[in-house]
Each structure stands twice: as structure tokens, then as C-alpha cells.
Amino acid sequence: MSTHSLARSMLLFSIVLSGLLSASGSFVYFEVIERTPQIDASQSQIGCHPATFTGENRQLSDVEAIVANPENACLEDEDDELSNPESYSGKTIIVRRGECTFAEKVRHALAVNASAIVIVDNLPGHVPVEMQMGSSPNDEENRYNDPQQEPNGVGIPACMAFSTAWEVLAGAGVSGVRLSWTNYRKYDLRDERLPENDITHIAVSQLHGGWDELPAAQATFNPEYPGTEADAVLVEWDSRCTNGPDCDVCRSLPHQLSNHAQVANNVAVVLLRPDPTDFCVEWIYELVVIAEKARAVAVVFVNLDDTLWTYIPYLVPVKFQIPLLNVMASHGMALAHRLDLGQEVRIKVPQLRYFPEGCQEQVAVCIASGPMLELQVSRPLGLTALLVVNFEEEEEGEAAAAAAAAAAA
């Protein structure tokens, strides 16, 4: 598997970059601030994947939500309007995915002067996709996907939410929904920064006692985490999620892991395969979605070479409870081999935290406490970036920090 295939061919991952939004990670959402019947606080933040053409309006602190008519906002004639067009003005329009293009839905929302549009996925269990304008390379609407041409995209927030959001926003008996967009952010390559996360270690139990510490990179979407110790379990995928699958069927399953019962309350170990193109995972954070459904306590993701990838997704529409850590191939393959042999392996995941505000300006110094020697940011694809960390042991911690600082300078 090559580094350059992360966006849609290597395990079909597409990683969206993170210009970190707050000390709590890169969870992006809008808020339900009023609704009948009332909902608890855990449902009030609706994760929503920003479209490439989204706008931003942080002044939208209290706006009414309205369901499109028809619900999918698809019209037979492009010159037609949604029913009762005047009723949408200044409101957030809630639309079901399907039947017509994202661009058509957005055009119809703009035509009735909506203040924002939420397209709710129509596939249960599906992870929201990255929406784009334009139907061909020469389409004039492609400019809305480029923040250098259209800094605020189409001018209004536009994002896709999980299918479960429909019941919250437009379900039977729901009324009086009001939303806030003050915490919603758009994607902009110019906001790229190195992540505020640490190159840390996990500890793996050895066959004859003792522990080995393995370098591990954590994802920028990881939560603050108290640390844990649990058994390691190598994940096994449901056959409907591999071997040329229908991915909509895979994602509609209650669990994508055939051994989800064994994964529960343990550390899920995910091993990449050399030819993973028949695999139903599109986004790197989807691994954590799947692991959380199986009630894992953490995810250890095994790379296929001896580098560490610190994933920098710009915006993640999920607030996670468990972390993802990436380990190098030479370490991870040995771990997987022991699990294949039926050996019991314990893993200690350390406490994870975010650095103090301002640390991202001196990231080389901030994370040079480990055996890191070199930091490099590469952009092999327009929407993909990896923090590649090459490890070389240094005898003195201060020497490692000085080398990293010099490289950054």
C-alpha cells in the first residue's frame, strides 16, 4: 500500500485536513438550541460533514429549521421552485439525500433565500460523504469548490449529516426546531496547520513478562483520554464488507466486524492489507466509528511501512470517545502475528491530552520529547496531508529536541 493512495484507492480512505478548531479536537457540528419535544444535550450537537463548496456564517446563532417540500428538494424542471418558496427565507432547510445532485439541492435552497442547508444521508449507518459542486471538469460551478476563487463557497453553510439526524430534525411529532451555526466551520486549505497532538507510545505485554513501549502517533480527532489497559484483539471483517462488496449493505449492518463481541471492552487492532481496494471503509475516522459500535476501548492501526502517520483530518462530523493510534509495520506486524498464534496480548494506552494553546507554533519543540528526529508535511493529494515522522533513536533527549527544532527552522 502506498502513502499516495490514501484518498480513495488505498483502503478507500479519504482524509480531510484539520485546521484545528479548539483544544477539544476537530469535531464540527451545528447545534439544536430549541425543539419540541425537548432533546437531551447529547443529541443537541449534530455532526455535519462540510461540503467543499460550503460557506460559513457564524452570526447564525438562532435560526428556524424547515423541511424541504419535496423532502429531497429535487424538481422536475430546473426553473421550478420548492413549494411555498417564501416560507424558506432566512431559515435552515433540511433535505434528504438522493434522487438528484447535491448541486441541484443547493441551487434550489439558494433560490428561496435559505440561510443554510443540511442534507441528511438516506443510508443508515453510512458515513457522510464530501459533497462537491459541478458535474464535469469544465463545469462553471467547480469554482465554488475552490476557496481561492470563492472564499465563502456558495455563501451559506452546506453540509451532510448522518441518517439518524432526520429523526432529530424532522421526525414525526418534531416541531419548533431552531439551530445555531456559530460552531460550524468550513474547509480551507489555507487553514492547514500541524496538529496539536503528541507522538506518544503504547505498551505491549511480552510473552515472558514485562512490557515493550512502541512509538505511536495519535489522530487529531482523538478525544482527551484517561488511558486504559486491555486485551488486544485483531479485528475480523464481516464477509459482506470485503471481497467486492455492496458497501451500502455493509454500512447498514449493525456491526461491520464479525468478531465484534470479542472486540468489546478491548483494544481493536486493525491491520492494513496490501490490496485493500475491496474494502468498505472510505474515511480513516470510519474505523473509529466501527470500533465504537463494537464497544472497543481504543483502536491501534498498523501501518504497512516503518513510518508513523499522524492523520490531520480538517473536519470530522463525529465526537469520539475512544482514540486511534498508528504504529509502524515492524511493530504492528509482530503484534498481529502473536494474535494470529492465539497468544494473549495486553496493551496499555496512555493518557492522551492536547498541548497548551500556542504550542502549534512550536510543534517541533512541543513533541520532541520522544525519539523523533524529523518532521515533514507532504501533500500528495489536494485533500490529503500526512505528518510523516521518521524515527531514529537519539542517546540524549535534548539532542533529539534540538535536531527537531533545527529541522523545523
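Strands, here labelled E, are DSSP runs of at least two residues, numbered from the N terminus. The model is predicted, and the tour below moves through it by selection.

**Stop 1: strand E8**

Select residues 199-205, which make up strand E8, and pick out Ile202 within that strand. Ile202 counts as buried because its relative accessibility is 1%, and the cut-off for buried is under 20%. Pro215 is 13 residues from Ile202 along the chain, while the two C-alpha atoms are separated by 6.6 Å.

**Stop 2: two cis peptide bonds**

Most peptide bonds are trans. Two exceptions may be displayed here. Select Thr36 and Pro37, which are joined by a cis peptide bond with omega of about -5°. Pro37 belongs to the loop between strand E1 (29-36) and helix H1 (41-44).

Then select Asn69 and Pro70, where the peptide bond is also cis and omega is about 5°. Pro70 sits in the loop between E3 and E4.

**Stop 3: along the loop between E3 and E4**

Remain in this loop and select Ala73, which is located there as well. The phi of Ala73 is near 60°, a positive value in a residue other than glycine. Is Ala73 buried or exposed? With a relative accessible area of 1%, Ala73 is buried.

Now select Glu76, Asp77, Asp79, Asp80, Glu81 and Glu86, which together form a negative surface patch. Glu86, one of these residues, lies in the loop that runs between strand E3 (63-67) and strand E4 (92-96). Glu86 counts as exposed because its relative accessibility is 60%, and exposed requires over 50%.

**Stop 4**

The structure holds twelve salt bridges. Several can be visited in turn.

Select Arg178 and Asp62. These residues form a salt bridge in which the closest N and O atoms are 2.6 Å apart. The pair links distant parts of the chain, 116 residues apart: Arg178 is in strand E7 (residues 175-180), and Asp62 is in the loop between strand E2 (45-50) and E3. Arg178 is partly exposed at 25% relative accessibility, and Asp62 is partly exposed at 42%.

Move to Glu64 and Lys91, whose side chains meet in a salt bridge at 3.7 Å, N to O. Glu64 is partly exposed, with a relative accessible area of 33%, whereas Lys91 is buried at 19%.

Select Arg97 and Asp121 next. Their salt bridge brings the closest N and O atoms to 3.2 Å apart. Arg97 is in the loop between E4 and helix H2 (102-111), and Asp121 is in the loop between strand E5 (116-120) and strand E6 (158-161); the pair links distant parts of the chain, 24 residues apart. Asp121 counts as buried because its relative accessibility is 1%.

To finish this stop, select Glu140, Arg143 and Glu150, which are linked in a network of salt bridges.

**Stop 5: the loop between H2 and E5**

Most residues other than glycine have a negative phi. Select Asn113, where phi is near 65°, a positive value in a residue other than glycine. Asn113 is in the loop between H2 and E5.

**Stop 6: His255**

Select His255, in the loop between helix H4 (247-252) and helix H5 (260-263). His255 is partly exposed, having a relative accessible area of 24%.

**Stop 7: helix H7**

Select residues 329-340, the twelve residues of helix H7. From its first C-alpha to its last, H7 reaches 16 Å, close to the 16 Å expected at 1.5 Å a residue. Which residues of H7 are buried? Colour Ala329, Gly332, Leu335, Ala336, Arg338 and Leu339, for these are buried in H7. Gly342 follows H7 and has a positive phi, near 85°. The tour ends at this glycine.

Note on methods
Residues are numbered from 1 along each chain as its sequence is written. This is a predicted model: local features need pLDDT of at least 70, side-chain atom pairs count only at pLDDT 80 or more; totals for chains, interfaces and linings use all residues. Side-chain values use heavy atoms; hydrogens and water are left out. Patches are made of residues with over 30% relative accessible area and no salt bridge: like charges are joined within 9 Å, nonpolar side chains (Val, Leu, Ile, Met, Phe, Trp, Tyr) within 5 Å. Accessible areas come from the Shrake-Rupley method with a 1.4 Å probe; for residues, only the protein chains shown count as cover. A salt bridge is a side-chain nitrogen of Lys or Arg within 4 Å of a carboxyl oxygen of Asp or Glu. Lys and Arg count as positive and Asp and Glu as negative; His and the chain ends are not counted. The place of a charge is taken as NZ of Lys, CZ of Arg, CG of Asp or CD of Glu. Helices (H or I, at least four residues) and strands (E, at least two) are DSSP runs, numbered from the N terminus. Buried means under 20% relative accessible area, exposed over 50%, partly exposed in between (1.4 Å probe, protein chains only). The expected span of a helix is 1.5 Å times one less than its number of residues.
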